[in-house]
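Subject: Handing over a structure

Hello,

I am passing on the structure below, and after it you will find my notes on what turned up in it. Please read them with the structure open beside you.

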Amino acid sequence: MPQTTTRPSADPATSTQGPDHEIVIVGGGLSGIGAAIMLDRAGFDDYLVLEEGDGFGGAWHWNTYPGVGVDIPSFAYQFSFEQISGWSRVYALGAELKAYAEHCVDKFDVRRRSRLRAAVAAAEYDDANGMWHLRLADGEVITGRYVISATGVLTKPKKPDIAGVDDFDGIVMHTARWDHAIDLTGKRVAIIGTGASAVQIIPSIADSVGHLTVFQRTPIWCLPKPDASLPWPMRLALGVAPGTKAIARLLSQSYVEVTFPLAAHFHGYVPIAGLGEKLCRFHLKRSVRDPEVRRKLTPTYSLGCKRPSFSNTYLKAFNRENVFLQTDPIETITSTGVRTMSGADHEIDILILATGFKVFERGNMPPFRVVGSAGVDLEDFWTENRFQAYYGISVPAFPNMFSILGPYGYNASSYFNLIETQSQHIVRLLKTARKRKATRIEVTKAANDAYFASALRRRRNQVFFLADCARANSYYFDDNGDVPLRAASTLETMWDANHFPLKDYNFSGAALSS
Ligand code: NAP
């Protein structure tokens with residue numbers, strides 16, 4: 001892999017040299033790739049992408065479990081500036097998305113300015129020299145005038161807090177670390193969890209396993225998935241017929257807008273969650289024969305409180321004779337399997353943990369320590385003040401650091417919209433700093449406070465605070481009971497990226513040598 005050269009950096013307290021790079025982007029997933037491309041296109045070509053894994057694509061690099069795919073139509077799940085027409089399905093599979101990430105890395109020359117297997121362990125702002133010092137896991141230090149945190153949120157696999165989880169003698173796999181050397185054929189398999197990952201895995205492995213026991217704690221609302229393969233004449237048409245890509249994207253975006261942001265954030269005005277629940281119940285009734293199994297698969301919280309799933313095959317899998325839905329709570333994992341509260345032992349060969357990811361736990365947002373101006377620790381700041389960030393991007397006292405997926409930044413539309421609007425916001429800041437010959441960009445406390453207050457006001461209409469979410473067990477809620485998603489339409493996010501008041505930031509500092 002081509003490596004960029006980085007000179008060893010001095011101690012923050014004594015360094016007087018300029019930074020190694022103008023911008024360091026942490027994360028080689030789609031956020032990091034998108035930010036890099038947009039910076040480059042805006043004339044900021046001195047960037048370095050640091051990625052802890054051995055490949056690009058983030059979620060699509062790490063998640064390779066059977067059936068992995070996107071649940072936003074591919075026409076909307078790609079960059080607006082790089083729309084391809086070769087998707088094999090309306091909802092692309094994981095391998096295609098990983099290939100798309102690699103394609104973008106090569107086409108836009110990101111690979112040359114990236115380092116793989118470079119995990120950032122800590123970031124510290126050097127007030128004296130106006131730059132960030134990023135310490136890698138191996139001790140190397142890299143400096144950057146600006147840092148873009150593009151580490152995503154659903155990246156660190158979460159082991160369930162179940163007694164004995166390390167005592168099982170058979171094979172244990174987390175969905176996000178799938179071991180393709182393991183053959184499931186004819187095996188007794190258990191899967192813990194019924195979130196989006198399990199919904200895709202269960203129907204994909206049901207055919208080949210001997211027995212599959214699904215341990216469900218909270219049922220998930222499951223909507224039908226308007227999916228279909230895209231035969232080559234259609235792909236050809238998408239590639240050559242003028243306007244077809246734009247129409248497919250617009251239709252896909254509109255569908256996503258109605259099913260995610262509109263349903264979640266404007267529930268007070270358009271309570272369409274009830275209609276969605278009716279559709280889910282109909283889908284369940286049509287898919288599952290046994291009424292008792294149907295009852296167990298029916299959520300007792302409102303649609304929208306937690307992320308729903310989209311599948312035409314998940315519910316039907318429970319009609320199979322080798323698939324068992326177990327709702328008796330798990331007491332412990334033993335050396336031979338899973339024991340439930342009723343005392344039943346379920347002997348298995350393989351245990352799949354579909355138990356999700358760390359979200360708002362300490363050490364995950366971002367997954368490295370961040371120390372800002374005058375020694376302020378980002379996690380301490382959030383613990384004391386609740387999660388907050390101006391447009392999800394900037395936090396006072398953390399100059400020159402910008403996040404793609406910070407608190408109250410993501411409106412739950414296509415992730416690509418988030419990447420592009422946040423990158424646009426950042427590019428606007430960097431261009432302004434360059435014009436004003438500034439080297440320090442810091443959001444004002446007043447602007448951040450006003451944005452946070454408005455985020456809290458807007459939650460009056462969000463489904464999370466209006467509907468019955470008590471039994472949802474939703475990872476959307478943090479320890480304070482806040483849901484740090486942005487209550488805005490996608491059009492608003494696009495407008496704001498180019499029109500937020502520049503006076504909300506302080507631009508200061510004389511240019512240093514670099
Ligand atoms: P998840 O949605 O967090 O689901 C975790 C599951 O594990 C839940 O059913 C949870 O039950 C269960 N669980 C956790 N700890 C448990 C315990 N101690 N005992 C019993 N059950 C336990 O995780 P995920 O399915 O990996 O999905 C995470 C997110 O990744 C999704 O929401 C989505 O944003 C993204 N994703 C997207 C796609 C896609 O685009 N198609 C696919 C996969 C993932 P409770 O509900 O009771 O907590």
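Both Trp87 and Tyr100 are buried, where buried means under 20% relative accessible area, exposed over 50%, and partly exposed in between, with a 1.4 Å probe and protein chains only. Please keep in mind that this is a predicted model, in which local features need pLDDT of at least 70, side-chain atom pairs count only at pLDDT 80 or more, and totals for chains, interfaces and linings use all residues. Residues are numbered from 1 along each chain as its sequence is written, and side-chain values use heavy atoms, leaving out hydrogens and water.

The rings of Tyr505 and Phe507 have their centres 6.4 Å apart and their planes at 50°, so this pair is tilted; rings of Phe, Tyr and Trp (its six-membered ring) pair if their centres lie within 6.5 Å, with planes under 30 degrees apart counted as stacked, over 60 as edge-to-face and the rest as tilted. Tyr505 is buried, with a relative accessible area of 4%, and Phe507 is buried too, at 15%. By this rule the count comes to 28 aromatic pairs, and Trp87 and Tyr100 form a tilted one, 5.4 Å centre to centre with 50° between the planes. Ring pairs also link Trp60, Tyr77, Phe79, Phe81, Trp87, Tyr100, Phe108 and Phe416 into a cluster.

Elsewhere, Thr194 is buried, with a relative accessible area of 7%, and its side chain reaches the backbone oxygen of Thr218 at 3.1 Å, which falls under polar contacts (a pair of N or O atoms within 3.5 Å; within protein, one must be able to donate a hydrogen and the other to accept it, and residues adjacent in sequence count only if both atoms are side-chain atoms).

Best wishes
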